[in-house]
Amino acid sequence: MLKRLFILISIITGISLLVKAESNSDLTLKQATLQIDRVKSPGNWVPSIDGVSYYKMEGGSKINKIDYRTGKVLETIFDASTARNCNVKKFDGFEMSDDEKVILLYTNKKSIYRRSFEAEYYTIEIKRNLLKPLTDKGAVRGAKFSHDARMVAFVYENDIYLKKLDYDSEVRVTNDGKVGEIINGVSDWVYEEEFYITNSMTFSPDDTVLSFIKWNEKNVGEYSLPLYEGVCPAYSEFSKYPGAFTYKYPVAGTDNSIVNVYSYDVETRKTKQMQLPENTYYIPDIRFSKSSDRLMVITLNRNQNELRIFAVNPKSTIAKQVYTETSESWIDINAFTANIKYYENSFVLLSSKSGYAHLYKYNNSGNLIRQITKGDWNVTDYYGYNPTTDTYYFQSTEEGPLNRTVSKIKFNAKGVATTTRISKSLGWNSALFNTNFTYSLMSFSDAKTPNQYTLYSGDKKVRDIELNESYAKVYASSNIPQKKFFKCEVDGNILNGYMIKPVNFDANRKYPVIMCQYSGPGSQSVKNSWSLSWEQYVANEGFIVVCVDGRGTGARDKAWESCVYMNLGHYESIDQVGASKYIASLPYVDASKIGIYGWSYGGYETIMAMSQKNSIFAAGVAIAPVTDWRFYDTIYAERYMRTPQQNEAGYNSSSAIKSIADFKGRLLIISGTLDDNVHIANTFQYTAELTNQNKICDMMIYTNKNHSIYGCETRYALYLKVIDFFKSQFK
């Protein structure tokens, strides 16, 4: 939900005088907030089916095939300057067909919501070097190759179309698509936001069937957000009267879209609805296994604590249940769907049913073959399986919740497992493997080391890809404060935290403190990984910055995370207040000048922590906060709280609005008027009740800005405001 931010351009002017000149640090606030000096990355690698090379777009105009071992360009398979019929100079992205003979390119990408976009698509036959528009309809969504690269499915105005490349012909698959009512093949807002779905179309392995999800959102409540003229960009059409952005947004306890799965027969052009159980509520994932008669459909009940997997025959429409799992709290469907992989005779999935997230292997009938990983730690990413060596590759917290480790586990003929760590250093490690797991692009960083990328063949380093050495040297020689990790005990629980002190820290002084947190279920802010943000800058402005992950956050066991179930804000607030008291006890902290800061869920928790009767927070900044879970979307709010009808007491006790009587300290609340995620109504309802109870706060509103409040130099202006607020409160 609230973890990820997306971009909408904005600018706020005239605020630069609010904060003193950036003279205490070599790091400027603009560098910290606008990422002027960026950590370099290798870019987007697409492994080739040959196992020894990969594809990479260069400058938006070329796609090169590159040798893993040497890094040399083997072939330029596309060049916009030489391709036939190519009038487009740059592209935004590409997809290779399974046989790597055709490329699907897109340009003029325009965001719709957080992850979805529409774009103009083109195909290019590599052998003929010939570029063709996918359709004459202009911008479309979700373009997807068939396995044989002879067809591309896409969505236009909520209907699915099928482009047959051999004949340069186009077939309309659905005819009922209508904005605000029926969506075919691409998701509604809440599925995209909370299940991360942007495309539900999937071809059978033999390409005879195209299956998809249909959303009926007729009964979903409609939400309108105002549009003003604004600045950067300016909407001149709204210079006199405001406009509106209207979309379907189901708030907790109200109707969701009705979803069903359909299959379209490419030859007969007939569409059939799959026979799923009547009590099917959510369908967060559909994919074919290796067989064309096994469409794998994952379903959830409304409370999101019962998951089922069905193998559906798209021809007969009959569904057979092959897996079920229940939880006393909730099932993390995003981790589940991202880490399930289907093989010829089996499937591997990630489950927390043991108390920690581990990998399990089942046969196609749903019988358990083996639990692959075990231990008091979590698998955080499943990379895949090499059947030749019976080896599984994964990322985990085996070296502690602050770190990520890349490992492999191999089973011998007797089923005995041997686990080997592939990553070499303690810190934050991840990997991108080639198709046969002979090469891996390893990424590493820790709190002191910017991202490094290295290519390995098995356990041996092949070459360095990007070490960010020049970047590291600049910041190593600058007066930039470092994170120091610590632990503190609150309510009998050991919490992980980090502290950032000014470079010129004097233990004989008393410093004001800003506690930064997010605190949402399953999230993690305290990590042994590289980051550079406004926190380092403000530390050198005379503050100590502290971050503590309390109960409910991720990378610990399931009991730790799910203790917040049905009563959000309760244990999180106890832990933030408890951590603040520990910080206040330190000899170099001014206990009267402790503030708290957060964005999204962190904004919610800022207000909730300041509303505790034993709170010692003197000031707080809440950005884009939820103030009552009745205002937030169904999938997220109900996952952790159930519906308001089921849990009225929990919604009341978790409401920031209903906690105002106990609120203490000075608050700055910030929102964007075009936030489609956490609506500005949360802020307005909170401040209305605050006023009703004769309490005051400071407020900053960003015109036409969404949940990220980003674009141009808006983020810089926002943090100028935040820092100025804390300085004014802690004079």
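This is a predicted model: local features need pLDDT of at least 70, side-chain atom pairs count only at pLDDT 80 or more; totals for chains, interfaces and linings use all residues.
User: What makes cysteine 516 buried?

Analyst: Buried means under 20% relative accessible area, exposed over 50%, and partly exposed in between (1.4 Å probe, protein chains only). Cysteine 516 has a relative accessible area of 4% and is therefore buried. Cysteine 86, at 15%, is buried as well.

User: Which cysteines form a disulfide?

Analyst: Cysteine 232 and cysteine 712 do, with their sulfur atoms 2.0 Å apart. Cysteine 232 lies in the loop between strands S16 and S17, and cysteine 712 in the loop between S43 and helix H12, so the pair ties together parts that are 480 residues apart in sequence. Helices (H or I, at least four residues) and strands (E, at least two) are DSSP runs, numbered from the N terminus. A search of the whole structure finds 1 disulfide.

User: Why is cysteine 712 called partly exposed?

Analyst: Its relative accessibility is 38%, so cysteine 712 counts as partly exposed. Cysteine 232, at 24%, also counts as partly exposed.

User: How do you know that strand S11 is largely enclosed?

Analyst: For S11 (residues 159–164), 6 of the 6 residues are buried, so the strand is largely enclosed by the rest of the structure. Both faces are covered: Asp159, Tyr161 and Lys163 are buried on one side, and Ile160, Leu162 and Lys164 on the other.

User: What pairs with S11?

Analyst: Two strands pair if DSSP finds at least two bridges between them. S10 (residues 151–156) and S11 are antiparallel over 6 bridges, and valine 152 stands opposite lysine 163. S12 (residues 169–172) is joined to S11 by 4 bridges, also antiparallel, with tyrosine 161 opposite arginine 172.

User: Where are the buried residues of helix H11 covered, and by what?

Analyst: The buried residues of H11 are Asn682, Thr683, Tyr686, Thr687 and Leu690. What covers them includes helix H8, strand S42 and strand S43. The face turned away from the buried side carries the exposed residues Thr691 and Asn692.

How values were computed
Residues are numbered from 1 along each chain as its sequence is written. Side-chain values use heavy atoms; hydrogens and water are left out. Contact means heavy atoms within 4.5 Å. A disulfide is a pair of cysteine sulfur atoms within 2.5 Å.
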